[in-house]
Amino acid sequence: MNTAKTAPFYDLTWSALDWLFPPQCVGCGKRGAILCDRCQTTLKTIPIDCCKKCGKPLHATKICQTCLTQEFSFTQARAAYLYEGIVREAIHQLKFSGNLGLANLFSKMLYSVYLYGNQQVDLVTAVPLSQNKLNERGFNQSVWIGRPLATRIGVPFKSRALIKMKDTEPQVGLNRVQRHGNLKGAFLAEPKLVNGKKVLIVDDVMTTGATFQACAEALLVAGAKEIYCLSVATTDHFLKPQD
Ligand SMILES: [Zn+2]
Ligand SMILES: [Zn+2]
């Protein structure tokens, strides 16, 4: 069977909901679409000639400093947009206001990035939340993005491939070294689900890559063959990491 080019179930469900309850654009407030066409054209996409490894934008003659000094365990990370403006607002609305329709839109955006990156994976999973955090928020935004993305790709989505073993301090305000230390031993992968598999990890935002790195390490320990990462947005190396 050919890989699923669309995710009819998700698209139809959200179209029906949009018809019943016309959404408001998170960018301009106009009624009709959750993120209108006009606002979508203003989003800052990540240039094609980004860092081959971590997917961060490169600046003029500068090469990616992170990948010079640090070896990521994942094969490749890519993002759709820079984490700023409307994208940042949209991610906040998904995460903190439960505007879940945005997750399906993000999955469409990430599917394009997936195809372009030529990442051929066996299964999709999402950066997990700890049980406490999940109880508090009620949902994991990355699962909501990853599940329809897996359907579009035509591979299974396995939310239990990764679990977060403990609550960790928020990464905001920590430097790169502290972020890595903070996440040490935080994630555990399920060998039965990932052994020998090429795994795609989905998250909403990548900042230093510490979270993807910790998840990739756990998956490789559990026998995964190769790790790819996709996030809706990535921060610029040359800006201070934000939430
Ligand atoms: Zn708009
Ligand atoms: Zn890099």
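How many bridges join E1 to E6, and do the two strands run parallel or antiparallel? In this predicted model, strands E1 and E6 are joined by 6 bridges and run parallel. One of the pairings involves Ala 79, whose bridge partner in E6 is Ser 231. Strand E1, comprising residues 76–82, is mostly covered, with 6 of its 7 residues buried.

Val 232 belongs to the largest nonpolar core, which contains 64 residues; together with Leu 110, Ile 201, Cys 215, Leu 219 and Ala 233, Val 232 touches the most other members. Helix H5 (residues 101–117) gives the most to this core, contributing 9 residues. In soluble globular proteins, nonpolar side chains tend to be buried together.

Helix H7 (residues 141–153) is likewise described by its burial: 11 of its 13 residues are buried. Among them are Trp 144, Ile 145, Leu 149 and Ile 153, as well as Gln 141 and Arg 152. The elements covering the buried residues of H7 include helices H1 (8–20), H4 (85–97) and H5, together with strands E2 (123–126), E5 (198–206) and E6 (226–234). The length of H7 agrees with expectation, because 13 residues at 1.5 Å a residue should span 18 Å and the end C-alpha atoms are 19 Å apart. Just after H7, Gly 154 adopts a positive phi of about 90 degrees.

Note on methods. Residues numbered from 1 in each chain as written. Chains lettered and ligands numbered in written order. Predicted model: local features only at pLDDT ≥ 70, side-chain atom pairs only at ≥ 80, totals over all residues. Core = buried A, V, L, I, M, F, W, Y, C linked by C-beta atoms within 7 Å. Buried ≥ 20, exposed ≤ 12 C-beta atoms within 10 Å, placed from the backbone. Helix = DSSP H or I, 4+ residues; strand = E, 2+ residues; numbered from the N terminus. Expected span 1.5 Å × (residues − 1). Contact = placed C-beta atoms within 7 Å. Pairing = 2+ DSSP bridges.
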